[in-house]
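Subject: Structure handover

Hi,

My notes follow below it.

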Amino acid sequence: MPDLTSLDWSALERLRATFLARAAAGAAPYWQNASALAAYDATYAERIGWKWDALLHELRLRSWAPPAGTVLLDFGCGSGVAGRRVLSAFGASRFAGLALADHSPEAVAFAGASASRHFPDLRQLDAATWCAAPDSAGLAPPFTLVVSHVLNELAPAAREELLALARHAAAVLWIEPGTHADSRDLASVRDRLRERHRIIAPCTHRETCPLFAEKNARDWCHFFAEPPPGVQNSPDWVRFAQRAGVDLRSQAYSPLVLEQASAPALSTPPFPPGSARVLGRPEVFKPYARLLACDAGGLHFLELSKRTDPALVKRLAKDPPLPLYALEHDGKHVRQARPLFQTEG
Ligand SMILES: C[S@@+](CC[C@H](N)C(=O)[O-])C[C@H]1O[C@@H](n2cnc3c(N)ncnc32)[C@H](O)[C@@H]1O
């Protein structure tokens, strides 16, 4: 874990003000210098890293990995946390190289230097090769696109360019904040990319995202990542959380993982019919749990009674399994819920 004892607090205050003024889509680069990037990397980016850890944990449990031999392209890399987490999870040797893209040259330099320290044998490539004219033929080698907390900063034209890039990616790993707006924004990206890509996460189906049905306007697709042990007792982290106005107990995130449909299917088997993902956090009451499940039939608010599955209701309160289930329900009540992937719980 990073050492927070010598943080540049004034740089963090300036960044916080920038992040709060979220209307700044299309604004000029805001990284002032390496000190601001270092302060961000140790704090905000580390929190984002916990979200990546949660998603990557799921992907590893499901035996999914991006295609070997691809270049890892981290778009909007900032201090480079997302690319580094993905490299650590799958092994740097899986990738043909790392390309870092950001409209801030300071960010690219910082992320590049950090990647060199962590992965000295990994080739770094010029991101412009992949980011320019993605529609031109013959982009080689193929690439895995990583995007983390970027969407709400992009002006419409830049967003379209990123989508064009994503259409050519062999695989896409994307995390946005788990807010109502950001999650629904990512879901609209998902709907636009699903033609060419298989959906690995979060969806168990390929239907139009049910969030866009009028009756689901209040819902969003998000999950929670826990911090590593020790964070909540650390005076430096507590001070950071107070000053940044964030809750360290759990970090909400919205993920999207895709692989090119034309590529041979990798090791993750497709979800069996009837599979569902439980969104957000189930509410557990004494006699039952209430959950929001998404499957090929849409979004369903369901009750799982203790009589139906006492062990699962108990587990949902304390140590829920990966929220992927073979689920039988009648639209109101769960008849049977079998976790698709066993975690240690
Ligand atoms: C909130 S930061 C996230 C950084 C990093 N991906 C992370 O997860 O920590 C958003 C990043 O997107 C970059 N960015 C914003 N607009 C961009 C654009 N049009 N092209 C490339 N990068 C952009 C910013 O410079 C910044 O580094």
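Which residue in E11 does Asp295 stand opposite? Asp295 faces Gly298 there.

First, the ground rules. This is a predicted model, where local features need pLDDT of at least 70 and side-chain atom pairs count only at pLDDT 80 or more, while totals for chains, interfaces and linings use all residues. Residue numbers start from 1 along each chain as its sequence is written.

Strands around E10

Strand E10 covers residues 288-295. Six of its eight residues are buried (20 or more other C-beta atoms within 10 Å of a residue's own; exposed is 12 or fewer, partly exposed in between; C-beta atoms are placed from the backbone). Helices (H or I, at least four residues) and strands (E, at least two) are DSSP runs, numbered from the N terminus. Strands pair if DSSP finds at least two bridges between them.

E10 has these two partners:
- Strand E9 (residues 275-284) runs antiparallel to E10, with five bridges. Leu279 has Leu292 in E10 as its bridge partner. The hairpin from E9 to E10 goes through three residues.
- Strand E11 (residues 298-305) is also antiparallel to E10, with eight bridges. The hairpin from E10 to E11 goes through two residues.

Domains

The chain splits into domain 1 (9-260) and domain 2 (275-339). Those bounds come from an automatic or database domain assignment. The C-alpha centres of the two domains lie 29 Å apart. In all, 14 residues of domain 1 are in contact with 14 residues of domain 2 (C-beta atoms, placed from the backbone, within 7 Å). The domain 1 side of that contact has seven nonpolar, four polar and three charged residues. Here Ala, Val, Leu, Ile, Met, Phe, Trp, Tyr, Cys and Pro count as nonpolar, Asp, Glu, Lys and Arg as charged, and the others, Gly among them, as polar.

Whole chain

The chain has ten helices and 13 strands. Its C-alpha trace spans about 60 × 50 × 40 Å along the principal axes. Of the 345 residues, 39% count as buried.

Best regards

Note on methods. Two residues are in contact if their C-beta atoms, placed from the backbone, lie within 7 Å.
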